[in-house]
Amino acid sequence: TRAGPCIGVQAGQKAYVFDVGSGSVRNMGLMGFPTARLEAIFLTHLHSDHLDSLGELLLNAWIAGSRNAPLPVYGPAGTDDVVTGFNLAYRTDGGFRTAHHGVEIANPLGQGGRANEISLPESGTGSVVVLEDGDLTISAIVVAHAPVHPALGYRIDYKDRSVSISGDTIYSDSFVAGSDGVDIMFHEALDPEMVGKIGETLAANGATVGAKIFADIPDYHATPEDAARAAEDANADRLVFYHFVPALPASLLEPVFLGDVKSIYRKPVTIGQDGMIFSLPADSNEVNEASGF
């Protein structure tokens with residue numbers, strides 16, 4: 001019942017999306033996310049589970065916003081190939097829609113995306129400001145997801161409030177530094193014991209390929225405790241797990257997944273659910289949580 005990784009951010013009247021996993025565009029529709037006001041898409045890295053609904057989002061943003069210029073898509077090296085591929089795949093469809101709805105609704109000049117590959121610090125660590133617009137600053141942070149490189153997290157500062165988004169990473173000093181003092185840290189996590197049991201079951205049933213994959217993936221993801229240490233070391237005010245493995249089929253498993261998290265990080269911890277909305281009013285320390293479904 002969970003979509004792939006995706007976080008929508010509204011800063012005033014402007015909207016941004018960070019990763020576009022499978023099913024996320026449908027969820028954003030259910031939540032009433034203002035796709036027509038979408039200013040840009042940001043990709044953390046180029047694993048397919050973080051971008052496989054990019055074409056759908058580009059199409060929706062084009063038509064909903066009656067755009068007359070392609071939507072900016074920011075990401076690491078290789079983003080140009082990804083965006084070019086989606087643009088090509090949807091080009092014929094776009095021609096049909098212009099013919100049917102007219103140029104005022106489906107202006108061909110506004111179809112698809114425009115890649116903006118982010119230039120990172122020569123050191124291969126740290127962060128760089130990607131976008132500044134009035135009270136809004138969005139920074140990209142180098143994280144550790146080898147052999148995927150570069151992989152990015154992001155920090156969003158708007159007025160006096162801030163959040164950071166890890167993307168996929170192990171514990172990362174760079175992400176901790178870039179997240180210093182944020183109101184909310186959104187962090188991925190993988191529980192190696194739970195994943196190990198899945199791998200053992202696959203192996204026992206002769207599914208050797210699946211067993212190998214489940215044996216491989218723990219080494220480039222953070223454990224829940226790693227995420228807690230990141231939040232503690234960054235002095236984040238709240239930790240939200242937003243992209244975690246395995247997906248938990250029942251809330252009874254949440255304490256198992258969390259393990260020692262609450263002994264490491266004693267501030268509020270949330271296991272994210274699809275449709276959650278966190279509101280951070282300006283000139284306040286409040287974090288308001290609600291369901292968007």
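The model is predicted. The protein chain holds 9 helices and 14 strands. Its radius of gyration is 19 Å, close to the 19 Å that the globule rule gives for 293 residues, so the chain is as compact as a globular protein of that length.

**Overall form**

- Along the principal axes, the C-alpha atoms of the protein chain fill a box of roughly 55 × 55 × 45 Å.
- Buried residues make up 46% of the 293 residues in the protein chain.
- Among contacts in the protein chain with a separation of 6 or more, 63% are between residues 24 or more positions apart.

**Surface and charge**

- About 13800 Å² of the protein chain is accessible surface, and carbon and sulfur atoms account for 51% of that area.
- The protein chain carries 18 positive and 37 negative charges.

**Cis peptide bonds**

- The bond from His-149 to Pro-150 is cis, and its omega is near -5°.
- Pro-150 belongs to strand β8, which spans residues 148-158.
- A cis peptide bond also runs from Val-245 to Pro-246, with omega near -5°.
- Pro-246 sits in a loop, with β11 (239-245) on one side and α8 (254-258) on the other.

- Asp-19 is not a glycine, yet its phi is positive, at about 70°.
- The loop that holds Asp-19 lies between β2 (14-18) and α1 (24-31).
- With a relative accessible area of 1%, Asp-19 is buried, the cut-off for that class being under 20%.
- Asp-283 also has a positive phi, near 55°, and is a residue other than glycine.
- Asp-283 is placed in the loop between β13 (276-279) and β14 (288-291).
- Asp-283 is exposed, its relative accessible area being 73%, whereas Asp-19 is buried.

**Helix α3**

- Helix α3 covers residues 79-101 and has a kink of about 45° centred on Arg-91.
- Buried positions in α3 are Thr-79, Val-82, Val-83, Phe-86, Gly-94 and Thr-98.
- An α-helix has 3.6 residues a turn, so residues three or four places apart point the same way.
- The partners against which the buried residues of α3 pack are α2 (54-64), β4 (71-75) and β5 (113-117).

- The relative accessible area of Asn-68 is 56%, and the residue is exposed.
- Asn-68 and Gly-110 are 42 residues apart along the chain, while their C-alpha atoms are separated by 3.9 Å.
- Leaving aside residues up to four places away in sequence, Asn-68 touches Asn-107, Leu-109 and Gly-110.

Definitions and conventions
Residues numbered from 1 in each chain as written. Predicted model: local features only at pLDDT ≥ 70, side-chain atom pairs only at ≥ 80, totals over all residues. Heavy atoms only, no water. Helix = DSSP H or I, 4+ residues; strand = E, 2+ residues; numbered from the N terminus. Rg over C-alpha atoms; globule rule 2.2 N^0.38 Å. Buried < 20%, exposed > 50% of the residue type's maximum accessible area, 1.4 Å probe, protein only. Contact = heavy atoms within 4.5 Å. Areas by Shrake-Rupley, 256 points an atom, 1.4 Å probe, with all protein chains shown as cover. Lys, Arg positive; Asp, Glu negative; His and termini not counted. Charge placed at Lys NZ, Arg CZ, Asp CG, Glu CD. Bend = angle between axes of the 7 residues up to and from the residue.
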